[in-house]
Amino acid sequence: MKKILYVVLDGLGDTPIKELGDKTPLEAALTPHMDKLAQKGKSGVVHTVAKGVAPESDIAVISLLGYDAHEFYTGRGPLESFAEGLKVADGNVAFRVNFATVQDDGRTIKDRRVGRNLTTEEATVLAREINSKVTLTNATFEFKNTIGHRGILVIRSMHSQLSAWITNTDPAYDREGVFGLAKETFEPYVAESQPMPGYEKSPQAIEAAALLNEFTQKSHKVLQEAAINKKRIADGKVPANAILSRDAGDHLPKFPPMADYYHLKFGSFVEMPVEKGIALLTGLSIVDVPSRTGHVDVDYSVWAKIALQKIADFDGLYIHIKGPDEPGHDGDFKAKKASIEAIDKHFFGNLLPHLNMKETIVVVTADHSTPCKLKAHSPDPVPLIVTGGDIKSDGTVSFSEKAAAHGSLGELLGKDLMGLFIKLAKE
Ligand SMILES: O=C(O)[C@H](O)COP(=O)(O)O
């Protein structure tokens with residue numbers, strides 16, 4: 001059986017941009033290596049969770065790994081908390097959070113990501129202050145910063161189980177059932193969490209929402225007084241003076257391990273806690289890579305070398321590269337195009353010349369589209385290339401949304417991809 005090299009570029013998909021000559025950042029980017037993969041293989045488009053769904057990365061990646069997100073997903077909070085070593089027992093409620101910047105009224109949001117320049121070191125100090133100075137009514141909590149403005153929060157009631165059926169305080173994401181869905185537009189105010197429809201009378205949901213609101217108010221007060229924020233303001237930066245919470249979960253997902261589900265041993269290297277949590281909980285082996293240096297030419301070429309070494313140890317590698325998503329969220333199409341070009345040059349450029357393509361099915365796709373115009377995830381399907389092994393070309397000339405839409409693979413669902421790749425790897 002051939003190896004499977006499964007590369008997912010976060011937020012890759014986009015829509016045509018006038019300033020790029022009505023091309024998407026992917027179309028406009030110089031991507032000779034990915035274009036060659038497309039020319040030698042077949043392409044198509046993927047609705048990673050379902051047609052018309054603008055997924056967060058978590059349910060998209062779960063689907064891309066072949067699991068039905070409707071069946072297995074229990075919220076982003078438990079995934080990221082598990083990745084970061086925080087205990088999430090049944091009845092604890094875990095959230096993904098952002099440090100954010102609000103006006104002095106404590107609720108008008110100036111920036112959901114603190115200008116995307118909060119250092120992990122600054123966030124660590126602020127997290128320590130929150131953990132030491134905030135107390136909750138008949139409950140304890142653990143708050144941990146992760147990467148940049150990102151973090152996780154676990155709240156534990158002292159006398160009862162809590163329910164995750166509560167709304168977000170982060171206005172940028174809605175909840176549809178257990179799924180988190182990106183909103184194209186939203187009111188820039190910290191939302192009051194409340195029990196979700198149908199759970200208005202649930203004591204566990206009522207208590208969970210009340211505790212989240214208490215945490216939000218008290219952490220804001222602590223952050224307002226924090227020396228780090230006073231220094232940030234003096235340095236002309238926006239303060240990290242609020243915590244936005246979303247995607248609550250009150251138990252860990254129970255995935256059948258990949259080894260049992262597909263009888264395959266997969267390695268994985270990823271950048272963000274959410275993908276790390278999914279990899280750990282689906283039984284993928286985490287391949288250690290050096291932490292980001294901030295220089296993508298260095299980081300991506302190191303990743304390429306590690307992928308070449310490690311693919312020998314596994315049946316396949318799942319590689320999740322964050323790159324294009326952040327500039328998409330920031331509406332920075334030039335930076336998104338540059339990010340795609342850097343991945344092509346420094347990851348694929350260092351990987352493909354040394355990869356045994358006859359013995360490897362190479363897949364390149366995305367978890368969702370993050371159109372620069374929207375600055376948010378969208379339901380637009382993402383392009384897919386499948387090449388290598390004995391796969392014959394379907395005449396695709398380049399790697400782009402437009403070219404993929406005419407590919408011979410047509411429209412696919414994320415949860416069907418693994419089955420397709422395994423079939424191709426066995427041919
Ligand atoms: O970057 C991340 O953590 C997510 O993919 C997007 O989350 P955000 O909208 O809170 O930045």
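Me: Helices (H or I, at least four residues) and strands (E, at least two) are DSSP runs numbered from the N terminus. What makes α12 stand out in the lining of the largest cavity?

Reply: This is a predicted model, where local features need pLDDT of at least 70 and side-chain atom pairs 80 or more, while totals for chains, interfaces and linings use all residues. Residues are numbered from 1 along each chain, and side-chain values use heavy atoms, without hydrogens or water. As for α12 (325-329), it supplies three residues, the largest share; β3 (93-102) and α10 (273-281) each give at least two.

Me: Why is that space called a cavity?

Reply: Because a 1.4 Å probe fits at its points on a 1 Å grid over the protein atoms alone but cannot get out; lining residues have an atom within 4 Å of a point. The largest cavity has about 170 Å³ and 20 lining residues, with Arg 96, Arg 246, Lys 322, Asp 325 and His 329 nearest its centre.

Me: How do you know which class dominates that lining?

Reply: Asp, Glu, Lys and Arg count as charged, and the lining has 12 charged residues, against five polar and three nonpolar.

Me: What makes the 81-residue set a nonpolar core?

Reply: Its members are buried Ala, Val, Leu, Ile, Met, Phe, Trp, Tyr or Cys, joined through side-chain atoms within 4.5 Å; buried means under 20% relative accessible area (1.4 Å probe, protein chains only). Tyr 6 and Phe 421 are among those with the most contacts inside it. Helix α15 (417-426) gives the most, seven residues.

Me: Why does this core lie between domain 1 and domain 2?

Reply: Domain 1 (3-71 + 256-426) and domain 2 (78-249) both give residues to this core, so it lies between them; the bounds come from an automatic or database assignment.

Note on methods. Buried means under 20% relative accessible area, exposed over 50%, partly exposed in between (1.4 Å probe, protein chains only). On a 1 Å grid over the protein atoms alone, a cavity is a set of points where a 1.4 Å probe fits but cannot get out, and a pocket is an open set with protein on both sides within 12 Å along at least five of seven lines; lining residues have an atom within 4 Å of a point. Grid points are joined across faces, edges and corners, and a volume is the space filled by probe spheres set on the points.
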